[in-house]
Amino acid sequence: MSQTVINPTTGKTLHDFPVMDPAQRDAVLERSDVAYRDWRKTSFAERADLLRRVAAVMREDRERLALLMTDEMGKPIREARGEVDKAAWCAEHYADHAEEYLASEMLGSDATVSYVQYLPIGTVLGILPWNAPFWLAFRFAAPALMAGNTCVMKHDAHVPACAAGIAESFEKAGCPQGVFQNLPLETEDIQGAIETECVRAVSFTGSDRAGAIVAATAARQIKPAVLELGGSDPVIVLADADLEAAADTVVLSRIINAGQSCIAAKRIIIEESIYERFLDMMKTRLEKLTMGDPREESTDVGPIARADLRDGLHRQVQASIEAGARCLMGGEMPEGDGFFYPVTLLADVDDTMVAFCEETFGPIAVAMSARDADHALEIANSTQYGLGAAVWTGDTAKAIHMARDLEVGQVSVNGIVKTDPRLPSGGVKRSGYGRELGPHGIKMFVNAQQVWVGPKTG
């Protein structure tokens with residue numbers, strides 16, 4: 001069996017990659033389980049040494065690895081290089097800080113000594129999407145490995161060369177057999193992997209629909225899961241904000257990776273007194289972006305990853321226009337090869353429109369007006385998702401207060417919503433549960449074991 005990858009820039013076949021059958025899958029998982037018995041006994045220093053070597057291998061091989069992303073899912077080459085570096089940083093961050101994050105905690109009780117120690121639990125299965133192949137792999141694997149777990153990576157079928165490149169980086173770094181493995185599977189074989197006794201926990205990044213299936217499967221087996229799902233992230237721009245800085249950052253947040261990011265700025269909520277002015281500022285910046293071949297250094301916006309995703313995006317745009325949204329630019333399906341979609345700006349969107357209610361995974365800026373800060377908060381929270389949000393205002397204290405009322409997992413004040421290995425990331429509502437990254441993320445897949453030591457006897 002094999003999976004065919006289409007180059008989204010050309011629309012033509014790029015390559016075919018083999019996938020594992022259930023017997024091969026189970027052999028991989030069994031190797032991971034065997035490797036865990038030794039890996040769990042290694043020191044933090046030994047684990048850190050491996051991750052630092054992996055990071056070094058990736059930095060040395062950055063150009064080749066970046067081009068894998070560019071060809072398979074259309075990420076502009078400048079962004080792809082940055083993603084390789086960010087993945088290496090994640091490995092190095094946990095190599096430097098895991099021991100500190102997992103230090104035992106002394107607790108008072110009726111014992112002579114009582115404490116909690118954080119122990120590994122076994123093999124963690126990471127089920128990953130295509131939009132940030134290297135970063136998302138390390139976001140799940142670096143903390144899990146540093147905690148003493150082993151990892152198997154089931155990557156998306158559209159980025160098999162990226163998955164192979166990640167696995168090869170571990171091999172080149174001298175990773176012990178079975179500690180980190182690639183697991184290319186057909187979608188129908190994922191359930192069997194979750195149900196295998198060797199797998200002790202699941203990390204999933206993807207759509208809320210698929211996340212619900214993964215969560216239900218893991219729950220039936222009484223296995224912990226972390227879910228990072230879709231988002232419809234609001235950005236609130238108030239009249240007292242630095243509008244030039246806000247426009248620069250909102251546009252950047254919306255078009256990174258051709259808008260194919262869970263934490264991209266998806267709903268731009270603008271205070272009505274500056275509404276038309278800010279729309280003009282956004283439009284001016286959006287019009288300067290270059291859409292084209294992602295291998296070219298000058299390209300700002302590459303293609304949509306798949307034809308069906310582009311079709312769905314166009315449906316959302318057209319349905320919103322038909323419902324009354326103003327299309328200030330873009331919105332038309334382009335001719336030619338590949339799966340390109342123009343940068344599009346929709347204004348006067350409301351909560352009855354598709355572009356408001358559904359996640360828009362593409363270079364589509366969706367703008368709406370709010371009477372004041374309270375009304376902006378009401379609009380921001382009027383969604384089934386709760387991943388990230390941003391607030392732009394000259395009154396930082398006011399923004400910090402507003403953050404408490406935003407139903408999201410992370411809030412950025414006068415800045416871009418981003419993921420950072422030093423800080424926890426995750427969502428609420430249909431955007432998932434659990435946290436990745438920072439000191440919180442590494443504790444998702446550990447046994448917080450309580451130890452009670454009584455008085456000496458004898």
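In which sense do strand β5 and β6 pair, and over how many bridges?

A: Strand β5 (residues 123–127) and β6 pair in the parallel sense, over five bridges. Two strands count as paired if DSSP finds at least two bridges between them. Helices (H or I, at least four residues) and strands (E, at least two) are DSSP runs, numbered from the N terminus. This is a predicted model: local features need pLDDT of at least 70, side-chain atom pairs count only at pLDDT 80 or more, and totals for chains, interfaces and linings use all residues. Residues are numbered from 1 along each chain as its sequence is written, and side-chain values use heavy atoms, with hydrogens and water left out.

Start with β6 itself. The bridge partner of G126 in β6 is M153. Five of the five residues of β6 are buried, so the strand is largely enclosed by the rest of the structure. Buried means under 20% relative accessible area, exposed over 50%, and partly exposed in between (1.4 Å probe, protein chains only). T150, V152 and K154 point one way from β6. C151 and M153 point the other way. In a regular strand the side chains alternate between the two faces of the sheet.

F138 touches V54, M58, A87, C90, A91, P143, I166 and F170, leaving out residues up to four places away in sequence. Contact here means heavy atoms within 4.5 Å.

Two of the contributing helices pack together. The axes of helix α4 (residues 77–101) and helix α5 (residues 133–146) come within 8 Å and cross at roughly 10°. Axes are lines fitted to C-alpha atoms, for helices over the stretch in contact, and angles run from 0 to 180 degrees between N-to-C directions. α4 and α5 are therefore roughly parallel to each other (angles under 35 degrees; over 145 is roughly antiparallel, 65 to 115 roughly perpendicular, the rest oblique). A87, C90 and A91 are among the α4 residues in the contact, and F138 and P143 among those of α5. By class, the contact has 13 nonpolar, no polar and three charged residues. Ala, Val, Leu, Ile, Met, Phe, Trp, Tyr, Cys and Pro count as nonpolar, Asp, Glu, Lys and Arg as charged, and the others, Gly among them, as polar.

The open sheet has three strands in the order β3-β4-β20, with antiparallel pairing. β3 (105–106) and β20 (446–453) stand at the edges, each with a single partner strand, so one side of each has no neighbour in the sheet. β4 (residues 113–120) pairs with β20 over eight bridges. L119 has N447 as its bridge partner in β20.

S114 sits in β4. At 8% relative accessibility, S114 counts as buried. Beyond its neighbours within four places in sequence, S114 contacts E105, M106, L107, G108, S109, V451 and W452.
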